[in-house]
Amino acid sequence: MTIEVSSLKELVEQASGDDRSPDTQEYFVNMGPQHPSTHGVLRLVLKLDGERVLRCIPVLGYIHRSIEKISEHMNYMNCVHLTDRMDYLSSIMNNWAVSKAVEEAAGIEVNSRIQYIRTIFAELERIQSHQLWWGVLGMDLGAFTPFLYGIRDREVLNDVMEETVGARLTMNYVLPGGLMADIHPNFVHRVKEFIKYFRPKLDEYDDLLTNNVIIQERLRNVGVLSAQTAVQYGATGPVLRGSGVAFDLRKDHPYGVYDQADFEVPVGTVGDSWDRYWVRVEEMRQSLNIVEQLLDNIPPGDFLVKKLNSKIKIPEGRYYSQLETARGILGVFIASDKKDEPYRMHYRSPNFNNLWCLEPMIKGDYIASLIGAMSSLDLVIPDIDR
Amino acid sequence: MGVVTDKLPGALEKVPGGNVLVTRFDEIINWARANSLWPLTFGTSCCAIEMLMATGGPRHDLARFGAEVARPSPRQADLLILAGTIVKRMAPRLRTLYEQMAEPRYVIATGACTISGGPFIYHSYTTVRGADEIIPVDVYVPGCPPRPEQLFHGLLTLQKMIKEGETIREPGVRRKPVISALPEGVTLEDIQGQMKELLVKENVVDVQHAVDKLKWPSGLNERSSGKSDANESGAGDGT
Ligand code: SF4
């Protein structure tokens with residue numbers, strides 16, 4: 001595969017240069033950065049031939065908050081809290097990724113109670129994230145009702161988590177060395193109630209959207225991403241699994257207590273938007289299973305290994321650790337120079353790689369399909385820009 | 001508003017006691033403006049989920065404020081809800097969007113980021129430290145992210161400001177911005193109750209109150225309060 005590197009300006013000049021045909025004219029359209037269906041501030045420069053998309057170039061930087069740079073001025077306890085603001089729909093998993101990296105590097109062992117609670121919360125948040133995505137996908141395709149359904153159920157789960165965590169979105173729950181607080185006494189009971197509530201609702205989701213002819217027509221064979229391209233572009237998470245590659249860190253390199261739970265990894269066959277949709281809906285079911293299995297076995301113990309002060313020091317060297325968020329693999333790279341602040345902190349965000357799959361997916365297709373295909377990628381822009 | 005502000009007050013001045021009519025116009029116009037805020041959703045990051053998605057959902061339901069007609073186009077909106085960090089690259093776009101909105105336009109800045117830069121205030125080389133460096137803001141809603149209740153509280157604050165503030169004689173005169181922090185212990189139910197009260201109150205037009213509020217030239221006062229009894233029933237039915 002060859003990668004062309006050219007500036008936007010060159011591309012535009014090129015396009016106006018080779019317009020020689022008498023009856024068709026290629027033109028550029030800017031989509032974003034303030035556009036209702038780009039889910040935030042993504043800007044896409046589209047090269048169109050009539051309604052066909054010839055090129056689709058993402059332009060980034062509209063929400064670049066320099067989180068990596070700020071982290072260099074913070075100790076390891078503090079930089080965890082910035083990661084909530086990257087992929088805010090997987091905030092606990094982001095916290096966990098940094099905590100895991102710091103723990104592995106500093107040699108901190110956490111007890112199994114902490115691991116159980118982290119795993120349960122991560123799965124609950126995965127459900128929450130997919131609920132929102134499900135609603136928004138419906139809205140992107142022109143149906144407003146799914147959005148109301150998705151948000152309704154998300155609020156139910158939000159209440160359960162808020163009782164323990166104390167926040168609704170940026171949860172800040174996981175720390176290097178443990179958790180912010182112990183689980184609320186009601187937690188186990190309420191999660192069980194939620195599982196009982198949400199299982200039938202998933203069937204309702206199926207009736208409403210999954211088995212809907214219009215949705216199927218809009219998603220099937222649209223935005224096909226072959227397994228080879230997905231791997232080449234470094235796609236992860238449901239995008240990769242939708243293309244038929246059964247790679248899930250939870251299964252292949254278990255962390256937390258995923259090895260104690262029995263669950264399946266849903267995999268698509270064709271790699272179209274429909275497969276990615278189906279993988280996510282199925283993942284919600286599997287997450288419910290995981291939570292159900294772990295909930296009764298939470299062992300007793302402390303929620304923090306020991307009272308850690310903010311001066312965690314990491315031996316000199318480079319460390320990398322990764323885990324599976326709702327959108328794919330989040331990698332955390334730390335370069336340490338023996339101080340309590342990182343020398344360099346880098347995040348390998350899942351959305352960044354998933355975004356670049358958009359062009360091979362949509363090339364030659366109609367511009368109307370672009371919205372559905374982009375929605376099936378489930379992008380969170382602040383995670384791309386950081 | 002061009003016709004009303006330029007021509008109408010002048011025309012009405014000639015009517016004896018025309019002042020009453022003009023002031024009533026203010027109240028009706030402000031009432032209408034306050035209850036039909038069409039927001040332009042400018043969600044850049046995390047706050048957008050809470051401010052624009054959760055509030056649109058069935059639990060919180062932005063619709064009861066008459067503010068659920070979210071417009072993606074600045075030309076059709078009169079309230080700009082800023083939700084999320086603004087970085088230097090986005091700042092010119094935000095300014096453009098604001099300028100494209102028609103007067104009267106209001107701005108609610110939600111979240112720590114739009115107030116001061118929030119968690120990214122130190123050591124960040126891209127974040128804009130507060131939206132008020134770019135555009136004027138009417139109501140600040142603190143939080144990271146604020147709860148949906150807090151946005152509603154902010155909306156109520158803005159509605160109050162609109163109702164009390166502008167007169168059509170001085171269009172575009174800005175009030176001082178206010179911070180609308182949610183008082184401790186206020187729940188969603190309280191805010192919904194407040195909403196209901198307001199709606200009920202607004203369905204009844206209190207003519208006596210409006211007349212009392214007027215500053216009459218000396219000597220007119222007695223005459224008007226005598227007249228207002230007759231007005232009360234008539235105006236009340238009309239609205
Ligand atoms: S105030 Fe907090 S939640 Fe809101 S955009 Fe800023 S960092 Fe995100």
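Start at helix H7 of chain A, whose buried residues pack against helix H5 (112-140), helix H6 (145-165), helix H8 (213-219) and helix H12 (273-295) of that chain. Keep in mind throughout that this is a predicted model.

**Stop 1: helix H7 of chain A**

Select residues 187-210 of chain A, the span of H7. Now pick out the buried side. It consists of A:Phe187, A:Val191, A:Phe194, A:Ile195, A:Phe198, A:Lys201, A:Leu202, A:Tyr205, A:Asp206, A:Leu209 and A:Thr210. An α-helix has 3.6 residues a turn, so residues three or four places apart point the same way. Look along the helix with that in mind.

Next, select A:Arg190, also in helix H7 of chain A. Show its contacts. Leaving aside residues up to four places away in sequence, A:Arg190 touches A:Asp159, A:Val160 and A:Glu163. A:Arg190 and A:Ser91 are 99 residues apart in sequence, and their C-alpha atoms are 21 Å apart.

**Stop 2: two loops in chain A**

Go to A:Val110, in the loop between helix H4 (91-106) and H5 of chain A. A:Val110 is a loop residue, yet it is buried, with a relative accessible area of 14%. Which residues does A:Val110 touch, not counting residues up to four places away in sequence? Select A:Glu103, A:Gln115, A:Arg118, A:Gly177, A:Gly178 and A:Val305.

Move on to A:Asn172, in the loop between H6 and strand E4 (174-175) of chain A. Check its backbone. A:Asn172 is not a glycine, but its phi is positive, about 50 degrees. A:Asn172 counts as buried because its relative accessibility is 18%, and the cut-off is under 20%.

**Stop 3: helix H15 of chain A**

Select residues 367-377 of chain A. This is helix H15, and it is mostly covered. How many of its eleven residues are buried? Nine are. They are A:Ser369, A:Leu370, A:Ile371, A:Gly372, A:Ala373, A:Met374, A:Ser375, A:Ser376 and A:Leu377. Step just past the helix to A:Asp378, where phi is positive at about 55 degrees.

**Stop 4: where the chains meet**

Color the two chains separately. In the interface, 37 residues of chain A are in contact with 35 residues of chain B. The area buried between chain A and chain B is about 3,100 Å². Carbon and sulfur atoms give 64% of that area. Now highlight A:Gln34, A:Tyr62 and A:Arg168. These three supply 20% of the area that chain A buries against chain B, more than any other three residues.

**Stop 5: the ligand**

Select the ligand. Where does the ligand lie? It lies between chains A and B. The space it takes is the largest cavity. Helix H4 (46-54) and helix H6 (111-116) of chain B are the elements that give two or more residues to the shell around the ligand. H6(B) gives the largest share, three residues.

Show the surrounding residues, 14 in number. The closest are A:Arg85, B:Cys46, B:Cys47, B:Cys113 and B:Cys144. By type, the shell divides into eight nonpolar, five polar and one charged.

**Stop 6: chain B**

Stay on B:Cys144, one of the closest residues to the ligand. A cis peptide bond joins B:Cys144 to B:Pro145, with omega about -10 degrees. B:Pro145 is in the loop between strand E4 (139-141) and helix H7 (148-164) of chain B.

Then find B:His123, in the loop between H6 and E4 of chain B. Phi of B:His123 is near 65 degrees, a positive value in a residue other than glycine. B:His123 is partly exposed, with a relative accessible area of 43%.

Zoom out to finish. Chain B has ten helices and five strands. Of its 239 residues, 46% are buried. Take the contacts in chain B between residues at least 6 apart in sequence: 78% of them join residues at least 24 apart.

Conventions:
Residues numbered from 1 in each chain as written. Chains lettered and ligands numbered in written order. Predicted model: local features only at pLDDT ≥ 70, side-chain atom pairs only at ≥ 80, totals over all residues. Heavy atoms only, no water. Buried < 20%, exposed > 50% of the residue type's maximum accessible area, 1.4 Å probe, protein only. Helix = DSSP H or I, 4+ residues; strand = E, 2+ residues; numbered from the N terminus. Contact = heavy atoms within 4.5 Å. Near = heavy atom within 4 Å. 1 Å grid on protein atoms, 1.4 Å probe; cavity = no way out; pocket = protein on both sides within 12 Å on 5 of 7 lines; lining within 4 Å. Sits in = over half its atoms within 2 Å of the grid points. Nonpolar A, V, L, I, M, F, W, Y, C, P; charged D, E, K, R; others polar. Buried area = accessible area lost by both parts, 1.4 Å probe.
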